[in-house]
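Have a look at the structure first, then work through each solution one step at a time.

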Amino acid sequence: MNDARHIDDSVLMLEIDGELDSAEAAAARRHCEACLECRERRRLLANAAERFDAAYRSAFRPEPPDASVARLRARMADAVRTPAGTAAKARFATPAAAIGAAAALIIVVGAIEFSGRRAVAGPLPDARLTPGLAHAVSRDRVCADNTPDAPEIPSELAAQVFRGYRIDPRPRAYEVDYLISPSLGGAGDIRNLWPQPYAEGVWTSRVKDALEDHLRSLVCAGRIELAAAQREIASDWIAAYQKYFMVDKPLPDHIAFVKDRPWE
Amino acid sequence: MEAVALSLPEPPATCVRAAVEREVAAIFSQSHAPLARYLKSVGISSADAEEVAQDTFMALFLHLRAGKRRDNLRGWIFRTGRNLALKRRQANSREILADPPPPAAGPEACPETNAVLAAERQRLEAVVRALPGRDRECLLLRAEGLRYREIAETLDMSLGAVAASLSKSFSRLSNVSDRP
């Protein structure tokens with residue numbers, strides 16, 4: 001219990017941490033020199049603070065921020081390329097990731113936001129129909145298989161996807177694509193599938209395939225978290241491509257990249 | 001003699017932007033690890049803490065690019081990160097279990113030192129866990145090197161309340177620390 005003649009503990013704490021101005025600190029120190037009780041309380045507080053700091057520091061795990069800095073730099077550059085309003089919205093639309101602990105699947109919902117470039121069946125899926133769905137798998141499991149093949153999508157399921165998008169498919173025009181690829185834990189569920197134009201514009205399924213391979217290699221190298229890769233590809237795979245390859249447009253090699261067969 | 005108003009040309013927008021990018025990257029290098037550690041203490045996973053830290057520094061970039069206030073930036077960063085982390089925790093709709101505790105000390109420390117530090121940390125952790133949330137956050141923010149005014153800004157408290165919280169917590173810790 002602090003007596004009115006004594007210094008309050010909070011003032012002692014301010015003095016210990018150098019938070020008082022020089023005159024106040026000098027007055028507090030003078031008082032402690034003359035007052036055994038305050039001196040003892042100050043010693044106990046300072047000792048506890050010192051021991052806590054040492055224990056806290058001992059728990060530090062060194063985390064070299066190189067990869068994180070590179071990622072932030074890419075995001076800043078991306079924000080500059082995008083008009084200010086959209087950049088702010090896109091960056092801070094937190095994807096709602098509904099993760100059920102007991103559930104076998106998790107839904108990765110992308111930013112449900114429709115911009116002008118988002119066609120009903122264009123390079124980006126309709127987030128209402130295809131929010132993205134992934135299995136609750138670990139990074140180790142995702143990375144265990146060196147050359148994972150995407151499971152064949154049953155024709156009935158593909159037909160359902162086309163119906164959902166109100167598309168009468170022309171042969172070789174679309175690839176029914178996984179939004180979150182199976183190589184990143186994506187599920188073969190209608191909520192994770194959409195008809196992606198095979199060769200319309202520059203943001204084609206071939207370009208997305210290249211991104212999927214790159215993201216998987218980053219995940220397996222421990223450079224990004226699996227959940228982050230799933231979220232980013234589900235939110236806006238084009239933005240993810242621009243970020244991770246640090247380009248505005250697809251690289252020529254990726255435009256010609258052939259991995260999956262078109263839907264016939 | 002006729003007075004001539006001198007006006008320096010404004011730096012091009014690209015230079016300003018590049019300067020802000022450099023500044024944010026420099027602040028990031030200093031504050032990323034403390035922020036991520038603190039965010040985990042708010043109750044989100046390591047992966048979410050990394051995402052929130054990224055979002056926080058992107059917010060800082062936009063904040064500085066818009067020419068907004070620069071005083072107490074570290075307090076601003078931790079407050080913004082805390083708000084984003086709380087939203088993330090709410091969005092996840094469940095408390096995520098904290099990550100397993102990291103190794104007690106680096107490989108260069110001798111086993112005796114490791115054992116002493118580990119025992120000390122366990123005792124302290126028990127007390128810290130029992131503290132009210134606000135007191136615990138004050139303690140952790142101080143341990144991350146924030147000044148009292150920065151803690152006050154982060155947690156929207158007065159400076160006096162921060163000092164009172166810390167003195168109360170260290171008083172409790174001193175009782176425990178002195179016991180074997």
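**Exercise 1: a covered strand**

Work out which residues lie on each face of β5(A), and whether they are buried or exposed.

Solution. On one side sit A:Leu193, A:Pro195 and A:Pro197, on the other A:Trp194 and A:Gln196, and all are buried (buried is under 20% relative accessible area, exposed over 50%, partly exposed in between, with a 1.4 Å probe and protein chains only). Strands here are DSSP runs of E with at least two residues, and helices are runs of H or I with at least four, numbered from the N terminus.

Before going on: this is a predicted model, where local features need pLDDT of at least 70, side-chain atom pairs count only at pLDDT 80 or more, and totals for chains, interfaces and linings use all residues. Residues are numbered from 1 along each chain as its sequence is written, chains are lettered from A and ligands numbered from 1 in the order in which they are written, and side-chain values use heavy atoms, without hydrogens and water.

**Exercise 2: its partner**

Find how β4 and β5 of chain A pair.

Solution. Strand β4 (residues 174-178) runs antiparallel to β5(A), with 5 bridges; pairing takes at least two DSSP bridges. Next, pick out one bridge: A:Tyr174 is partnered with A:Pro197.

**Exercise 3: a kinked helix**

Compare the span of helix α9 (residues 226-245) of chain A with that of a straight helix.

Solution. A straight helix of 20 residues would span 28 Å at 1.5 Å a residue, but α9(A) spans only 18 Å between its end C-alpha atoms. The expected span is 1.5 Å times one less than the number of residues. Now look along the helix: a kink of about 120 degrees is centred on A:Asp236, the bend being the angle between axes fitted to the seven residues ending there and the seven starting there. Finally, 19 of the 20 residues of α9(A) are buried.
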